[in-house]
Amino acid sequence: MSDGVPILKIGSTLLVSIQVDLQDDTALRLQEDLAERITRTGARGVIIDISGLEIVDSFIGRMLASVAAISHVLDATTVVVGMRPAVAITMVELGLSLGDVRTALDVERGLAMLRPEDRSAEEILLAAAEREEG
Amino acid sequence: MTAATSETAERLPVRADSDVVKVRQLVRSLAQQARLSLVDQTKLVTAASELARNTLVYGGGGEAEVELVSDGARTGVRAVFSDEGPGIPDLDLALTDGWTSGSGLGLGLSGSRRLVQHFAIDTAPGVGTRVEIATWSR
């Protein structure tokens, strides 16, 4: 078992930057750690930066799709960012689709994608209703 | 399974998750030496990763043999994955996208075939499986 991948928390977003060649068991552990951290911190967004990954094979692809599905069930949105062009080409040829996983070119764009969701639609409506009453 | 061996080939055991990572790294380093394009390197390494995992998960472990090959004008990388596992009873089925005998996505064999220029598989029930792949510089 190798060291786990660190998970940073910035506001209501969890940020994971994968910088090493992921071993399968490390990938599975990251999936579990993220689920635990989302629940514990109430995070609304997860950004997984894969710019350090030289390949995404079916195992890692499945892990990314699972994290997105798990976070969705836990009321958080996952955005995978930083995929290298050669990795994207290879993944498509392999037949791997990331399904419903949201993607962005870099961390900054990923954060921008999550920002509107920091406030739920319900909160925005409530705030608007309060303004009208006041 | 018998396999043609080469004196220059590097052999790595495939017995644990960490071995799959080592195979990827070795294939990557030889692909760079063979001056494959970045996309071809990435495809070859990805295929090697899928096949090494198959060797580990379905073959019960085995070995990988990776070497630089040359036909004069071009240089390439050849990788052979072999195990003495249960073999693949229905090869056509196993090469179909989405079919899996385990819990995977069923892309390992069919997908990796699309990622390389040469793909050959030799398997027999109860004897084992040998998959050979190669990609050449363009």
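In this predicted model, Leu8(A) stands opposite Leu15(A) in strand E2 of chain A.

Chain A has five helices and five strands, and from the N terminus on they follow the order β-β-α-β-α-β-α-β-α-α. The C-alpha trace of chain A spans about 55 × 30 × 20 Å along its principal axes. Of its 134 residues, 34% count as buried. How much of the contact pattern in chain A joins residues 24 or more positions apart? Among contacts with a separation of 6 or more, such residues account for 76%.

Two helices of chain A can be followed in detail. H1(A) and H2(A) pack at an angle of about 10 degrees, and their axes are 10 Å apart. Angles under 35 degrees count as roughly parallel, so H1(A) is roughly parallel to H2(A). On the H1(A) side, the residues that meet H2(A) are Asp24(A), Ala27(A), Gln31(A), Leu34(A), Ala35(A) and Ile38(A). Their counterparts in H2(A) are Phe59(A), Ile60(A), Met63(A), Ser66(A), Val67(A), Ile70(A) and Ser71(A). Sorted by class, this helix contact has nine nonpolar, three polar and one charged residues.

Chain B has its own arrangement. Its secondary structure comes to four helices and five strands, which follow the pattern β-α-α-β-β-α-α-β-β along the sequence. Of the 138 residues of chain B, 45% count as buried. Among its contacts between residues at least 6 apart in sequence, 66% join residues at least 24 apart.

The strands of chain B come together in one open sheet. In which order do the five strands stand? The order is E1-E2-E3-E5-E4, and the pairing is antiparallel. Strand E1 (10-14) and strand E4 (118-124) of chain B stand at the edges, each with a single partner strand, so one side of each is left without a neighbour in the sheet. From one strand to the next, the twist averages 15 degrees. Helix H1 (residues 17-33) of chain B packs on this sheet, where it touches E1, strand E2 (62-70) and strand E3 (75-83) of chain B. The direction of this helix makes about 155 degrees with that of E1(B).

Strand E5 (residues 128-136) of chain B has two partners that can be traced residue by residue. With E3(B), E5(B) pairs in the antiparallel sense over eight bridges, and Asp83(B) stands opposite Thr129(B) in E5(B). With E4(B), E5(B) pairs in the antiparallel sense over seven bridges. In that pairing, His118(B) stands opposite Ala134(B), while Ala120(B) stands opposite Glu132(B). The hairpin of E4(B) and E5(B) has three residues between the strands, and Gly126(B) takes a positive phi near 80 degrees in it.

Finally, the two chains touch each other. The contact takes 18 residues from chain A and 24 residues from chain B. On the chain A side, helix H1 (24-41), helix H2 (58-73) and helix H3 (85-94) each supply at least two residues. Which element supplies the largest share of that side? The largest share, six residues, comes from H3(A). By class, the side of chain A that touches chain B has seven nonpolar, four polar and seven charged residues.

Methods: Residues numbered from 1 in each chain as written. Chains lettered and ligands numbered in written order. Predicted model: local features only at pLDDT ≥ 70, side-chain atom pairs only at ≥ 80, totals over all residues. Contact = placed C-beta atoms within 7 Å. Nonpolar A, V, L, I, M, F, W, Y, C, P; charged D, E, K, R; others polar. Pairing = 2+ DSSP bridges. Axes fitted to C-alpha atoms, helices over the stretch in contact; angles between N-to-C directions. Parallel < 35°, antiparallel > 145°, perpendicular 65-115°, else oblique. Buried ≥ 20, exposed ≤ 12 C-beta atoms within 10 Å, placed from the backbone.
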